[in-house]
Amino acid sequence: ILRCLVGSEMCIRDRYNITPKVFVSSTYSQTRLYSENDYPVTPSDQYRYGQYLVANIFWNVNANLQVGAEYLRGWRTDFNDMTRHANRLNVSAQYNF
């Protein structure tokens, strides 16, 4: 049986230019599924609610090269109220030919 689930999502973003070559940005996001029509039938490990927070910094070294770093923290809660989280640190480089 295919069920249509009711959910919601919200995302907030911001960007700030520190200098003409350096900027920071951040994002907060959440998604949620609502229990409806006896779904899930019993408390389960099905995804119910998640959030994440991201902070970035980018540096335009020159016209062709941009480097950046990002920190991400995410967490989720299941229908059985078990909560988990994760942290990530990413770096990136982009070169335009």
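This is a predicted model: local features need pLDDT of at least 70, side-chain atom pairs count only at pLDDT 80 or more; totals for chains, interfaces and linings use all residues.
I started with F23, which is buried at a relative accessible area of 11% (buried means under 20%, exposed over 50%, partly exposed in between, with a 1.4 Å probe and protein chains only). Residues are numbered from 1 along each chain as its sequence is written, and side-chain values use heavy atoms, with hydrogens and water left out.

**Entry 1: aromatic pairs**

I searched the whole structure for aromatic pairs and got 2. My criterion was ring centres within 6.5 Å for Phe, Tyr and Trp (its six-membered ring), with planes under 30 degrees apart called stacked, over 60 edge-to-face and the rest tilted. F23 and F58 have ring centres 5.1 Å apart and planes at 25°, so I logged the pair as stacked. F23 sits in strand 2 and F58 in strand 3, so the pair ties together parts 35 residues apart in sequence (strands are DSSP runs of E, at least two residues, numbered from the N terminus).

Y95 and F97 make an edge-to-face pair, at 5.2 Å centre to centre and 75° between the planes. Here Y95 is partly exposed at 46%, while F97 is exposed at 93%.

**Entry 2: salt bridges**

Next I looked for salt bridges (a side-chain nitrogen of Lys or Arg within 4 Å of a carboxyl oxygen of Asp or Glu), and the structure holds 3. D81 pairs with R48, their closest N and O atoms being 3.2 Å apart. D81 lies in the loop between strand 4 (65-78) and strand 5 (83-95) and R48 in strand 3, so this bridge ties together parts 33 residues apart in sequence. I noted D81 as exposed at 55% and R48 as partly exposed at 23%.

Which residues are linked in a network of salt bridges? They are R76, D78 and R84. D78 meets R84 at 2.1 Å, N to O, and R76 bridges to D78 with closest N and O atoms 2.6 Å apart. D78 is buried at 0% relative accessibility, whereas R76 is partly exposed at 27% and R84 is partly exposed at 37%.

**Entry 3: Y47**

I then turned to Y47, which is in strand 3 and partly exposed at 28%.

**Entry 4: Q30**

Is Q30 buried or exposed? Q30 is buried, at 18%, and it lies in strand 2 (residues 22-34). The Q30 side chain makes a polar contact with the side chain of Y49 at 2.6 Å. Among the residues Q30 touches, leaving out those up to four places away in sequence, are S8, M10 and G50.

Definitions and conventions. Helices (H or I, at least four residues) and strands (E, at least two) are DSSP runs, numbered from the N terminus. A polar contact is a pair of N or O atoms within 3.5 Å; within protein, one must be able to donate a hydrogen and the other to accept it, and residues adjacent in sequence count only if both atoms are side-chain atoms. Contact means heavy atoms within 4.5 Å.
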